[in-house]
Amino acid sequence: MKPLVVRGLGKRYRLEQSDDLWALRDASFEVGEGQVLGILGRNGAGKTTLLKLLAGITEPSEGEVELTGRVAPLLEAGAGFHPELTGRENVFLGGAILGRRRREVASRLDEIVAFAGLEAFLDVPLKRYSSGMYVRLAFAVATHLESEILLLDEVLAVADAAFRRQCVERMRALVSEGRAILFASHDAGLVESVCSTALLLDGGRVVGRGHAAELQARLQGPALVSPRVATR
Amino acid sequence: MTTVAQHRLIRAGRGSRLPDLVEAWQARELLAQLVRRDLIARYRPTLLGAAWAILQPAAATVVFSLFLGGLVGVPSDGFPYPAFVLLGLLPWGVFGGGLSRAAASLVANAPLVGKASFPRVLLPASAVASSLVDFAFSLPVLALVLLACGVELTSGLLLALVPLLLAGLLAFGMGLLLVALTVRYRDVLHALPALLQLAMFATPVVYPASLVPASHRWLLLLNPMVAVVEGFRCAVLGRAIEAGPLLAAAVTAMAFLVLGLAAFRAAERRAADTL
């Protein structure tokens, strides 16, 4: 059983002001153990909707998802963090939001903090952190707790080059341990550095699969499919 | 990895009518973390910190004692008015505070609801739990006031936990109903403070139930918080507790809980998309 199997997945948003909107339609793919799949697409292509469906944050309008293993979604850097809490307190809060036991988080705390390079700021409230520090902590928490499926959405946008390289290495290490990773970004270069294969989303549809480098040209070209207003 | 692989199927149009309570129970450590977060966020940025949990009922006790107890001369069942009114304000605070925070819990945590996956019923649950912790913080003031008023404490004091937990349960059940409404109608959050104030005066918190004319006494039976407030007061003051009204309040609370869970589940399915 592959960790992640997606069949005919779609999400329709009902808008009061206009026609329904299919943010995602008829997506099918699989991610096996030790595989990374990149999700490429412009803003509004359906990347975040796809990851929200896989994480169980929103319910699909069609199709199904089969997940085997624990899922660690990182859809927004530190979505569950609280500015008044210290870095340490937020690590435990973030771990609990990912459904992890305090014991497990405590045993990984040193690794998490070392990866984020925030040893000196561990007991400083998060409101004093820069956005880069925020991302480092969030990425470190999501990638240092036991999980079989990792969902990463556009989280490295505010990270500096050095930390990006560190994250790419971390993702490669996780993949070699057999994790399945889904990595969404509008940056084909970044996707290419992690993934051998990627999906290209446009207007809520999967319009291409293949090597990230090959998809990049299409990503930069004109819009690929017609507007995604619902027909039913 | 030693753990058994979890298998999960997410399918369109599938879903239960009630929140997954097993899943919520498994995430109980998150509940504790959320309560901790709420308390830190509420008190750490303040100079006085958790003392605010004490100062609010203390200030209300002073105000009501001066104006109602002193000026108007509202009777207080033979006990000093300050002790009498504080013993009403505290259980009411658990209910009112828990209810209003539970009602606001989805809107206040909108980023979390939209970007993370966890049993969302823990948000209103932690809101109510944190108002119970607030109550615990105010115990020193309660002890002080009882001492100053010369109230003798008996072992019946422990019975006060029953109405107190009932206040929390009522706040949770009704809070679930209201928070479900807030997904579509934020109006609830604007109307709630005024409604709660009205409800407080409709409940014998700052005056004794005996002040209500016999012809209107039946109205009190409709309000489960009457049994909670009276029960709490009687338990602490060492008077006999009437079990009947408390039992009726418990049944009411359970009914609200079931309705609330169903309403919350229906709203939760849309919450990530519409909040």
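Mentor: Start with a rule: two residues are in contact if their C-beta atoms, placed from the backbone, lie within 7 Å. The model here is a predicted one. With that rule, look at the buried residues of α2(A), which pack against α3 (102-116) and α4 of chain A together with α2 (28-43) of chain B.

Trainee: What makes α2(A) a mostly covered helix?

Mentor: Ten of the eleven residues in α2(A) are buried. Among them are Gly87(A), Glu89(A), Asn90(A), Phe92(A) and Ile97(A). Just after α2(A) comes Gly99(A), with a positive phi of about 85°.

Trainee: Why is Glu154(A) called buried?

Mentor: The cut-off for buried is 20 or more other C-beta atoms within 10 Å. Glu154(A) has 21 of them within 10 Å, so Glu154(A) is buried. Glu154(A) sits in the loop between β6 (149-153) and α5 (161-176) of chain A.

Trainee: What is the phi of Glu154(A), and what is the phi of Asp77(B)?

Mentor: For Glu154(A), phi is near 55°, a positive value in a residue other than glycine. Asp77(B) is not a glycine, yet its phi is positive at about 55°.

Trainee: How do you know whether Val62(B) is buried, exposed or partly exposed?

Mentor: Count again. Val62(B) has 14 other C-beta atoms within 10 Å, so Val62(B) is partly exposed. Val62(B) belongs to helix α3 of chain B. In sequence, Val62(B) and Pro82(B) are 20 residues apart, and in space they are 7.3 Å apart, C-alpha to C-alpha.

Trainee: What makes β4(A) and strand β1 of chain B a pair?

Mentor: Two strands pair if at least two bridges are found between them. β4(A) and β1 (residues 7-11) of chain B have five bridges, in the antiparallel sense. One bridge joins Thr68(A) to His7(B) in β1(B).

Trainee: Which strands make up the sheet that holds β1(B)?

Mentor: The order is β2(A)-β1(A)-β4(A)-β1(B), an open sheet of four strands with antiparallel pairing. β2 (21-31) of chain A and β1 of chain B are its edge strands, each pairing on one side only. Within this sheet, strand β1 (residues 4-13) of chain A pairs with β4(A) over five bridges, antiparallel. There, Val6(A) has Val65(A) as its bridge partner in β4(A). Helix α1(A) lies across β1, β2 and β4 of chain A and runs at about 65° to β2(A).

Trainee: How many residues of each chain are in contact with the other chain?

Mentor: 34 residues of chain A touch 29 residues of chain B. On the chain A side, the elements that give two or more residues are α1 (47-55), β4 (62-68) and α2 (87-97). β4(A) gives the most, with seven residues. Sorted by class, this side of chain A has 14 nonpolar, nine polar and eleven charged residues.

Trainee: Why are β5 and β9 of chain A said to stand at the edges?

Mentor: The strands of this open sheet of six, all from chain A, run in the order β5-β6-β7-β3-β8-β9, with mixed pairing. β5 (71-74) and β9 (205-211) of chain A each have a single partner strand, so one side of each has no neighbour in the sheet. The average twist is 15° from one strand to the next.

Trainee: What makes β5(A) and β6(A) a pair?

Mentor: Four bridges in the parallel sense join β5(A) and β6(A), against a cut-off of at least two. Val71(A) stands opposite Ile149(A) in β6(A). Helix α4 (residues 131-144) of chain A packs on this sheet, touching β5 and β6 of chain A, and its direction makes about 170° with that of β5(A).

Trainee: Which residues touch the most other members of the largest nonpolar core?

Mentor: They are Leu40(A), Ala138(A) and Leu182(A), in a core of 152 residues. α4(B) supplies the largest share of this core, 16 residues. Apart from neighbours within four places in sequence, Leu182(A) has contacts that include Val31(A), Ile39(A), Leu54(A) and Leu151(A).

Note on methods
Residues are numbered from 1 along each chain as its sequence is written. Chains are lettered from A and ligands numbered from 1 in the order in which they are written. This is a predicted model: local features need pLDDT of at least 70, side-chain atom pairs count only at pLDDT 80 or more; totals for chains, interfaces and linings use all residues. A residue is buried if 20 or more other C-beta atoms lie within 10 Å of its own, exposed if 12 or fewer, and partly exposed in between; C-beta atoms are placed from the backbone. Ala, Val, Leu, Ile, Met, Phe, Trp, Tyr, Cys and Pro count as nonpolar, Asp, Glu, Lys and Arg as charged, and the others, Gly among them, as polar. Axes are lines fitted to C-alpha atoms, for helices over the stretch in contact, and angles run from 0 to 180 degrees between N-to-C directions. A nonpolar core is a set of buried Ala, Val, Leu, Ile, Met, Phe, Trp, Tyr and Cys residues joined through C-beta atoms within 7 Å.
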